[in-house]
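Let's take a friendly walk through a protein model. Have a look at the sequence and the 3D view below, then read on.

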Amino acid sequence: MLMGSTADPVENVKFIDTLLRLGVSYHFEDDIKNQLETIFTSHHNIFSENHHDLNSTLIVVHGEDILEEALVFSTGHLKLLAKKSSPYLAKQIANALDQPFNKCPPRLAARTYISFYEEDDSRNEALLNFAKLDFN
């Protein structure tokens, strides 16, 4: 069972996201796969009900213009949100806008997230130490 696993699927997904961002998810690949399969299976009805809607959404998105508009819209709103947020959250938003996770080299993303995670009041100290050791 995955370290940090709970009965709450949202918390499990958040934990998996943290493992990924800290750069240590490769140690738990089988556990993560099992957790995600369990979550998907236990919430199959939710996914099945929305399946037709997801297909419709994919058909509506014809070109990059819509994606570009979405990017401009979301970037603007995130910048406004950063101005109204705590310094901790504002720094994370600014970093996400400057270095999107999917476009950042994994090691750099992990190092950056480790520094953010250190400031998180709800951090798991054992996981933080593990991530630091793994990074070094």
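The chain's secondary structure comes to seven helices and zero strands. Here helices (H or I, at least four residues) and strands (E, at least two) are DSSP runs, numbered from the N terminus. Following the sequence, you get the pattern α-α-α-α-α-α-α.

A word on the ground rules: this is a predicted model, where local features need pLDDT of at least 70, side-chain atom pairs count only at pLDDT 80 or more, and totals for chains, interfaces and linings use all residues. Residues are numbered from 1 along each chain as its sequence is written, and side-chain values use heavy atoms, with hydrogens and water left out.

Of the 136 residues in the chain, 21% count as buried (under 20% relative accessible area, with exposed over 50% and partly exposed in between, using a 1.4 Å probe and protein chains only). Now for contacts, meaning heavy atoms within 4.5 Å. Among contacts in the chain with a separation of 6 or more, 52% are between residues 24 or more positions apart.

The mean pLDDT of the chain is 84, and 81% of its residues reach 70 or more; pLDDT is the predictor's confidence in each residue, from 0 to 100. Which helix has the lowest confidence, and which the highest? Helix α3 (residues 44–60) is lowest, at a mean of 51, while helix α7 (residues 125–135) is highest, at 97. Over residues 53–60 the pLDDT is below 50, and beyond near neighbours in sequence this stretch has one contact in the model. Where pLDDT is low, the predicted coordinates should not be read in detail.

## Helices that meet

Two packed helices are described by the angle between their axes and the distance between the axes. Axes are lines fitted to C-alpha atoms, for helices over the stretch in contact, and angles run from 0 to 180 degrees between N-to-C directions.

| Pair | Angle | Axis distance |
|---|---|---|
| α1 and α6 | roughly 125° | within 7 Å |
| α4 and α5 | about 155° | 9 Å |
| α6 and α7 | about 150° | 11 Å |

Angles under 35 degrees count as roughly parallel, over 145 as roughly antiparallel, 65 to 115 as roughly perpendicular and the rest as oblique. α1 and α6 are therefore oblique to each other. In that pair, T18, R21 and L22 of α1 meet A109, A110, Y113, I114 and Y117 of α6.

α4 is roughly antiparallel to α5, and their crossing is left-handed (the near helix is turned anticlockwise from the far one by less than a right angle; clockwise would be right-handed). On the α4 side, T75, L78, K79, L81 and A82 make the contact, with A90, I93 and L97 on the α5 side.

α6 is roughly antiparallel to α7, and α6 also passes α7 in a left-handed crossing. R107, R111, I114, Y117 and E118 of α6 touch L127, L128, A131, K132, D134 and F135 of α7.

Is S85 buried or exposed? At 18% relative accessibility, S85 counts as buried. You'll find S85 in the loop between α4 (64–84) and α5 (87–98). Leaving out residues up to four places away in sequence, S85 touches A90 and I93.
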